[in-house]
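Subject: Structure handover

Hi,

Here is the structure I promised to pass on to you. Please have it open while you read, as my notes follow below.

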Amino acid sequence: MRVFVAIMLPEEVAARLGALQDELGCGRPVAAENLHLTLAFAGEIDRMQAGELDAALDAIRLPGFWLAPARIGVFGPAERPEAVVVGLRPEPGLKALVRAVAAAARAAGLVLPRRRFRAHVTLARFGRDFGAPEAGRLGRFLQARGDLVLHPFEVTGFSMMRSHLRAEGPIYEELAAYPLDFPGALPRRGGA
């Protein structure tokens with residue numbers, strides 16, 4: 001199974017980003033219910049590895065925190081971008097969670113891809129057919145909306161997700177949820 005660990009966005013934040021996707025008018029938008037911040041990509045793993053990852057993630061004890069979406073940009077070269085993304089303001093709580101998730105993956109025997117963590121939510125992806133019309137729409141959108149700042153939202157937990165790939169876009173399935181120790185957070189599994 002194809003597995004990743006992520007913070008799924010609250011409905012109101014996803015709705016606000018969905019409105020931005022409508023304004024963008026190019027690329028393949030990510031479905032609103034799939035908008036997320038990837039903490040770690042485990043890739044193809046079996047059920048036993050998923051169980052070990054679940055146990056390691058469930059042992060994470062960190063406080064919740066706030067995230068603020070800010071600035072819209074692109075990944076990839078300007079002449080052929082791969083994606084339009086919304087950045088997230090640096091947050092010590094997020095850095096601590098990313099480190100803890102990576103350590104949990106290592107404890108579960110997984111080898112994560114080596115890449116620098118860049119906190120972002122992907123709004124849309126571009127294919128090989130990116131051309132002048134898309135470049136024009138993208139340029140106008142970035143000029144009008146690039147300096148985006150949204151209200152912060154509470155992060156009270158994270159999830160282990162499974163991605164079912166399909167031609168029309170992936171379907172994400174939550175395999176397990178892990179609350180952070182935030183005021184009002186759900187009690188941990190097993191009453192701990």
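Before the notes on strands, one definition: two strands count as paired if DSSP finds at least two bridges between them. With that in mind, in strand S6 the bridge partner of Pro 69 is Leu 88. Please also remember that this is a predicted model.

On confidence, the mean pLDDT of the protein is 91, and 94% of its residues reach 70 or more. Among the elements, strand S1 (residues 2-8) has the highest mean pLDDT, 97, while strand S2 (residues 28-29) has the lowest, 92. The stretch to treat separately is residues 188-192, where pLDDT stays under 50. For those residues the model has twelve contacts beyond four places in sequence.

**The open sheet**

Which order do the strands of the open sheet take? The four strands run S2-S7-S6-S5, with antiparallel pairing. S2 and S5 are at the edges with a single partner strand each, so one side of each has no neighbour in the sheet.

S6 covers residues 83-88 and pairs with S5 over five bridges, in the antiparallel sense. The pairing of S6 with S7 is also antiparallel, over five bridges, and here Val 84 stands opposite Ala 124 in S7.

Is S6 buried or exposed? Six of its six residues are buried, so S6 is largely enclosed by the rest of the structure. In a regular strand the side chains alternate between the two faces of the sheet. In S6, Ala 83, Val 85 and Gly 87 point one way and Val 84, Val 86 and Leu 88 the other way.

Moving along to S7 (residues 120-125), that strand holds Thr 122. With a relative accessible area of 13%, Thr 122 falls under the 20% limit and therefore counts as buried. Leaving aside neighbours within four places in sequence, Thr 122 is in contact with Val 30, Leu 35, Ala 83, Val 84 and Val 85.

The phi of Arg 71 is near 75°, a positive value in a residue other than glycine. Most residues other than glycine have a negative phi. Arg 71 counts as exposed, because its relative accessibility of 51% is over the 50% limit.

Helix H2 (residues 47-58) has twelve residues. From its first C-alpha to its last, H2 reaches 16 Å, close to the 16 Å expected at 1.5 Å a residue. The N-terminal end of H2 is capped by Asp 46, which has a side-chain oxygen 3.1 Å from the backbone nitrogen of Met 48.

Which residues of H2 are buried? They are Ala 50, Leu 53, Ala 56, Leu 57 and Asp 58. These buried residues pack against S1, strand S3 (36-44), helix H3 (92-107), strand S9 (157-164) and strand S10 (171-179).

For Leu 97, the contacts are Ile 7, Leu 39, Ile 60, Leu 62, Phe 65, Phe 158 and Leu 180, not counting residues up to four places away in sequence.

**Two loop residues**

Thr 156 is found in the loop between strand S8 (153-155) and S9. Its relative accessible area is 36%, and Thr 156 is partly exposed. Thr 156 and Glu 11 are 145 residues apart along the chain, and their C-alpha atoms are separated by 14 Å.

Arg 118 has its place in the loop between H3 and S7. At 42% relative accessibility, Arg 118 counts as partly exposed. Between the C-alpha atoms of Arg 118 and Leu 37 there are 9.7 Å, with 81 residues separating the two along the chain.

That is everything from my side, and it is all yours now.

Best wishes

Conventions
Residues are numbered from 1 along each chain as its sequence is written. This is a predicted model: local features need pLDDT of at least 70, side-chain atom pairs count only at pLDDT 80 or more; totals for chains, interfaces and linings use all residues. Side-chain values use heavy atoms; hydrogens and water are left out. pLDDT is the predictor's confidence in each residue, from 0 to 100. Contact means heavy atoms within 4.5 Å. The expected span of a helix is 1.5 Å times one less than its number of residues. Buried means under 20% relative accessible area, exposed over 50%, partly exposed in between (1.4 Å probe, protein chains only). A polar contact is a pair of N or O atoms within 3.5 Å; within protein, one must be able to donate a hydrogen and the other to accept it, and residues adjacent in sequence count only if both atoms are side-chain atoms.
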